[in-house]
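Here is my note on the model, point by point. Please read it with the coordinates open.

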Amino acid sequence: MLAGKWTVAPLVALAALVTACGSTTSNHVEPGRAVTTDVRAEGGSARDVLTPVVVRATASPRPVLGTDGKVHLAYELVLTNVVSSSVTINSITARSGSRDLLALTGDDLKGHFKIFGQAAGTTTMTNGQSALVWLDVVRDEHASIPKTLTHTVDISVAQPQPPIVPATVSEPTPTIEVDRESPIVISSPLAGKRWLDGNSCCEVTPHRAAVNPINGSLWVPERFAIDYVQLDDQNRMFVGPVTDLASYHYFGADIHAVADGKIVSMTTDQPEQKPGANPTGLLIDQYGGNNVVQDIGDGHFAFYAHLQPDNPLKLKVGQKLKRSQVLGHLGNTGNTDSPHLHFHIMDSPNPLASNGLPFVIKSFTYRGNVVSDDNLQHAATTGIPFEIDPTGAGPRTKVSPLYRDLMDYPR
């Protein structure tokens, strides 16, 4: 978990456990999902550039409209230092044609950059190390969406070897094609007022930072995942001891299917965890606690996690659910430190070995946004009211919730 962020543990955040090694890290990219081309100009007329840092994308970004009225292209780059010298990443610029769309430098870059196997906070990579960079290219709602993205990585080399490897290098990188497919439109998995999105896109929250090394490949299933908790009419998450499940008024809330589709897997036998601290000793397939995976069509799978134990609704694998049908109840099972619903859309039925896909919710009312990470963290651990900035509050149609949003969901 990233310091200063939401206390609810992500489903699984294993990026910090990946061991740095002296060769390029294996990165799974589903065919067609991260399309790149040669950095040379068409016809090969541009001069070749020796690039000490090799760059590739985890997936092609797919645009999604957020509650802020902006279109977000959230994606990640994997950087590998392939030379014998240490290198420092000074800046990363994303552009479309000649237009700069995003520039990460200084502390902003450090907050979006993490070397495998190390704590965040440095952009200096020793020989053979690999790192992840989280990007969010933001466009106005009615602005043109780029068809492709290119990047320039500016680096300093600790032991240059001019003229082949100078002390500073401005590296071009392969072109990334933008996925033009529209996000899937779903209903909310919850009903009622004051549901808080406490952990999701597009800042580098624990969900966005959760890059899983599963079966020898890297996966990013939680790119758009949400942790939902409900606030009371005084904007409190719990009243009473933080360790008592009864203190959370929304514990046991109905969880609804977000679309029509059959259940492809489910778990019902995981016990409730005591809130107030992260559990220990869980196996990797227990991180989601009791959960349901639903095939909602066109390569989209909905994942509902941390549900209450047992199966009072007598659901079965293979059973077809209708949109809005109750499929379980909000619990505190698996890798969680307080009751919440973990929800995301993915491109395979495997919650860990999959890539997260954007989605938009058909309709809801936006109440505002928690004023800061500090307030969110403090209120989530002490029970004081969250401070909500109501700027821009009102109805929303076919947009994606963003980190710290507070929403009312109809049913």
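1. Accessible areas come from the Shrake-Rupley method with a 1.4 Å probe; for residues, only the protein chains shown count as cover. On that basis the protein chain has an accessible surface of about 16,500 Å². Carbon and sulfur atoms hold 50% of that surface.

2. This is a predicted model: local features need pLDDT of at least 70, side-chain atom pairs count only at pLDDT 80 or more, and totals for chains, interfaces and linings use all residues. Residues are numbered from 1 along each chain as its sequence is written, and side-chain values use heavy atoms, with hydrogens and water left out.

3. The protein chain has three helices and 28 strands (DSSP runs: H or I of at least four residues, E of at least two). Of its 411 residues, 54% are buried (under 20% relative accessible area, 1.4 Å probe, protein chains only).

4. Contacts mean heavy atoms within 4.5 Å. Among those with a separation of 6 or more, 76% join residues 24 or more positions apart.

5. The largest nonpolar core has 86 residues. A nonpolar core is a set of buried Ala, Val, Leu, Ile, Met, Phe, Trp, Tyr and Cys residues joined through side-chain atoms within 4.5 Å. Leu77, Leu79, Ile89 and Tyr304 touch the most other members. A second, separate core of nine residues includes Val78, Leu132, Val204 and Leu218.

6. What does Leu79 touch, not counting residues up to four places away in sequence? Its partners include Val53, Val54, Val55, Ile89, Phe113, Met125 and Val153.

Key:
Buried < 20%, exposed > 50% of the residue type's maximum accessible area, 1.4 Å probe, protein only.
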